Amino acid sequence: MPMSTSLDRRRFLALSAGTALAATGLSACAGSVSNGTGGSGSGKTTLTVMTVQNEWDKKTLAAAEAALGMNLNVITWDPTKLNSMLAAKNPPDVVRGFGATETPYFAARGLMTDLDPYFAKSSALKASDLDPVNDVWRYDGKKQGAGPRYGMAKDYSQDSMFWYRTDLFEAAKLDAPSATEPVSYDEWLDLGKKLVKRRLGKVKVYGLNATGMGVFPQLMGMTASAGGSLFAEDLATVDFSSPEALKALRWYLDYAKADIGPNVVNPNPDGWDGPTYGAGRMAMSCNGYWFGGQIGSDPKLAEVSRFAPAPQFGGHRVSSCFGATGFWIPKDAKNKDASWKFFEWYFGGKPAQERAASGWGIPSLKSLRANMPQTNAFQKQAFQVQEQELPHFSVLSFTPYAQQAALEGVLNKVLPDAVKSGTSAGKVADTLNSRMNQALAQGKELVG
């Protein structure tokens, strides 16, 4: 089964959210994974950082090493390699990851360093200055959002919000969505159906992409918006058969059957929304504030783009984050003090200030929120909508017993046939419950 568009988009988020793409890729730099000092008799500490290939270009890397007074050995983020390094107890010193979906999994297995003692002593990173989104990097052994801090977000977005093109709305003679009041999911789907354009039976312009961060997190958010929870209280099982989850599942099946946007049956050939939306071939894109960094790089595109609140199912307004991309320090890391120095520089120093001003995400520190761009009309509109959305942020606890990729894999196996055959949402829910709960039970057995 090919990987879905949403996961391709997720990979792009790993590459670019929070900073513009660097021009030069880096797969590895001087230094080695196994020792704590640099080569050539430098005497400097070498910090091994597992991150995405384009985190820094050569010039930026050199400046980072100068600022930190250490060598950075950059290895490309790869989940299989990371798992093998963790198992061998020879992990990178610092690892990039998704706080919202990965913290419970790694923390429950005792693989992450408790960072509370470091925050307590730091003058650069104070717990009181942390945006509430950083709570997704906390896990108390039972649920997310409480307990020790195991990592920190570099920036974030509320990922069910969406961007839309005013020119395509005007061409369709449709009123633009409100900047203050969220549309209902049914209204959103109806708008998507009215905005889609087809030629010879094929979609020429998508009306809507409803799942920017993956189908599973979106279904979590939709279920919460309906007043329920996809996971049981102990996070050991899912229940797609509850009234709230069925409502979300039925909506997604209707969206996929309507074929008005990228879905599990017909993924976006572009791989993610950026080029499609930019070329005028997508009217609405479900991506958070970070996507404004992409849009804002093209003045003509920014002129016809606006931001809107997350759609809702009912009166229980929820607007969560499904990424909170940042870094964490493995428990078996060899250079923890140097890793924390990297944290203070990356999250509290010049890189954090530049990210905040770039528009590629909401800053992770409250003190940097004033740096968010508000110069032109596009930036001002996006900022105002985002500010009004912040009070509706909440942490949706992810399970410690499976990784998101595994749960997405079940969806990718079950949903395409269900959409094509018109299988009822109830039967689809039963199949999803059976397969996902089997995987979750195996994970729980391993965690103990």
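Let me begin with a term: I call a residue buried when its relative accessible area is under 20%, exposed when it is over 50%, and partly exposed in between, with a 1.4 Å probe and protein chains only. Helices (H or I, at least four residues) and strands (E, at least two) are DSSP runs, numbered from the N terminus.

What we have here is a predicted model, in which local features need pLDDT of at least 70 and side-chain atom pairs count only at pLDDT 80 or more, whereas totals for chains, interfaces and linings use all residues. Residues are numbered from 1 along each chain as its sequence is written, and side-chain values use heavy atoms, with hydrogens and water left out.

I start with strand β3, residues 94-98, which is mostly covered, since 5 of its 5 residues are buried. Val94, Arg96 and Phe98 point one way from the strand, while Val95 and Gly97 point the other way, and all are buried.

Which strands, then, pair with β3? Two strands count as paired if DSSP finds at least two bridges between them. On that basis β1, residues 46-51, pairs with β3 in the parallel sense over 2 bridges, with Val49 standing opposite Val94 and Met50 having Val95 as its bridge partner. Strand β13, residues 325-328, runs antiparallel to β3 and is joined to it by 4 bridges, and there Thr325 is the bridge partner of Phe98.

Stepping back to the whole sheet, 5 strands form an open arrangement in the order β2-β1-β3-β13-β6, with mixed pairing. The edges are taken by β2 (71-76) and β6 (151-153), each of which has a single partner strand, so one side of each is left without a neighbour in the sheet. Neighbouring strands of this sheet are turned by 25° against each other on average, direction ignored; for such angles, axes are lines fitted to C-alpha atoms, for helices over the stretch in contact, and the values run from 0 to 180 degrees between N-to-C directions.

Helix α4, residues 99-108, lies across β3 and β13, running at about 120° to β3.

Turning to helix α8, residues 215-225, we again find a mostly covered element, as 11 of its 11 residues are buried, among them Phe216, Gln218, Met220 and Thr223. Just after α8, Gly227 takes a positive phi of about 100°.

Next, the cysteines: a disulfide here is a pair of cysteine sulfur atoms within 2.5 Å, and a search of the whole structure finds 0 of them.

Finally, Asn287 lies in the loop between β11 (284-285) and α11 (291-296) and is buried, with a relative accessible area of 1%. Its side chain makes a polar contact with the side chain of Ser285 at 2.8 Å, where a polar contact is a pair of N or O atoms within 3.5 Å; within protein, one must be able to donate a hydrogen and the other to accept it, and residues adjacent in sequence count only if both atoms are side-chain atoms.

Notes:
Contact = heavy atoms within 4.5 Å.
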